[in-house]
Amino acid sequence: SLFFSMVCCISNFGRLTDIGKIGAKVLSMYLLTTVIAVSLGFTLYHLFPVGDPSLLEKSDSMLSSMNADEIEEMTEAAEMADGGISVKDTIVNIISNNIISPFLDNNLLQLLFLSIFMGAGVSALQDEHPQLRSFFVRFNALFMTMLDMLCKLIPVAVFCNMACLVYETGTDVLKSILSYVLLCMFGIFCMIVIYNV
């Protein structure tokens, strides 16, 4: 949905210089807000630590029910988180090796770059091939409709997920989750204020 929305938005501009300015602003704002969000998250967590370490003992039963592939994926994710990614690597990795991997890897930064680049191409060919923009507009409408349908199912999915979690770990986890949710809501409020500055 984000990809088609960005392509449709960028293709509205007639001059490539305008697209370059908008693209640079979008990428710079994305990087800036990401740094602010990560810094805010670390700060809030250290000021208001949430969670109950004793709940880790109850998670052993959950891990025992997982298969080897799921445990391996969790281990790899933890190792990547520990290693971290430098700013240089982030900037270099903006450009993907191919057009498919940003969608498969769910890499938002690469998707933004690809959508801006493709939107510029659609804009340049707007007079010769107007059906190109029509194609992206129709797909954007389709994905926005699908997204609206999925959003209506999110409360049910969250309820089922919470019910399974409480069933497996007990009611003690609710207090920990509530403190985490409140901290996330405060962080979101802070980001909304930052976005409106």
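User: Before looking at any detail, how many helices and strands does the chain have, and what pattern do they follow along the sequence?

Analyst: Since this is a predicted model, everything that follows describes the model itself. The chain has 9 helices and 0 strands, and reading along the sequence gives the pattern α-α-α-α-α-α-α-α-α. As for burial, 20% of the 197 residues of the chain count as buried.

User: How should I read a pocket, and which residues line the second largest pocket?

Analyst: A pocket can be read through its volume, its lining residues and the elements that supply them. In this model the second largest pocket has a volume of about 230 Å³, and its lining consists of A37, L40, G41, L44, Y45, Y180, L183, C184, G187, I188 and M191.

User: Which helices supply at least two residues of that lining, and which gives the most?

Analyst: Helix α2, spanning residues 16-47, and helix α9, spanning residues 172-195, each supply at least two residues of the lining, with α9 giving the most, namely 6 residues.

User: How do I read a salt bridge, and how many does the structure hold?

Analyst: The general idea is that side chains of opposite charge can pair when their charged atoms come close. The structure holds 1 salt bridge, in which the side chains of K152 and D148 meet at 3.8 Å, N to O, a distance that falls within the 4 Å cut-off.

User: Which residues make the nonpolar surface patch?

Analyst: The patch, of about 510 Å², is made by L178, Y180, V181, L182 and M185.

User: How can separation in sequence be compared with distance in space, and how far apart are L114 and N98, and I22 and I10?

Analyst: One sets the number of residues between two positions beside their C-alpha distance. L114 and N98 are 16 residues apart in sequence and 10.0 Å apart in space, C-alpha to C-alpha, while I22 and I10 are 12 residues apart in sequence and 8.1 Å apart in space by C-alpha atoms. L114 is found in helix α7, residues 108-124, and counts as buried at 14% relative accessibility. I22 has its place in helix α2 and counts as partly exposed at 27% relative accessibility.

Key: Residues are numbered from 1 along each chain as its sequence is written. This is a predicted model: local features need pLDDT of at least 70, side-chain atom pairs count only at pLDDT 80 or more; totals for chains, interfaces and linings use all residues. Side-chain values use heavy atoms; hydrogens and water are left out. On a 1 Å grid over the protein atoms alone, a cavity is a set of points where a 1.4 Å probe fits but cannot get out, and a pocket is an open set with protein on both sides within 12 Å along at least five of seven lines; lining residues have an atom within 4 Å of a point. Grid points are joined across faces, edges and corners, and a volume is the space filled by probe spheres set on the points. Helices (H or I, at least four residues) and strands (E, at least two) are DSSP runs, numbered from the N terminus. Patches are made of residues with over 30% relative accessible area and no salt bridge: like charges are joined within 9 Å, nonpolar side chains (Val, Leu, Ile, Met, Phe, Trp, Tyr) within 5 Å. Accessible areas come from the Shrake-Rupley method with a 1.4 Å probe; for residues, only the protein chains shown count as cover. Buried means under 20% relative accessible area, exposed over 50%, partly exposed in between (1.4 Å probe, protein chains only).
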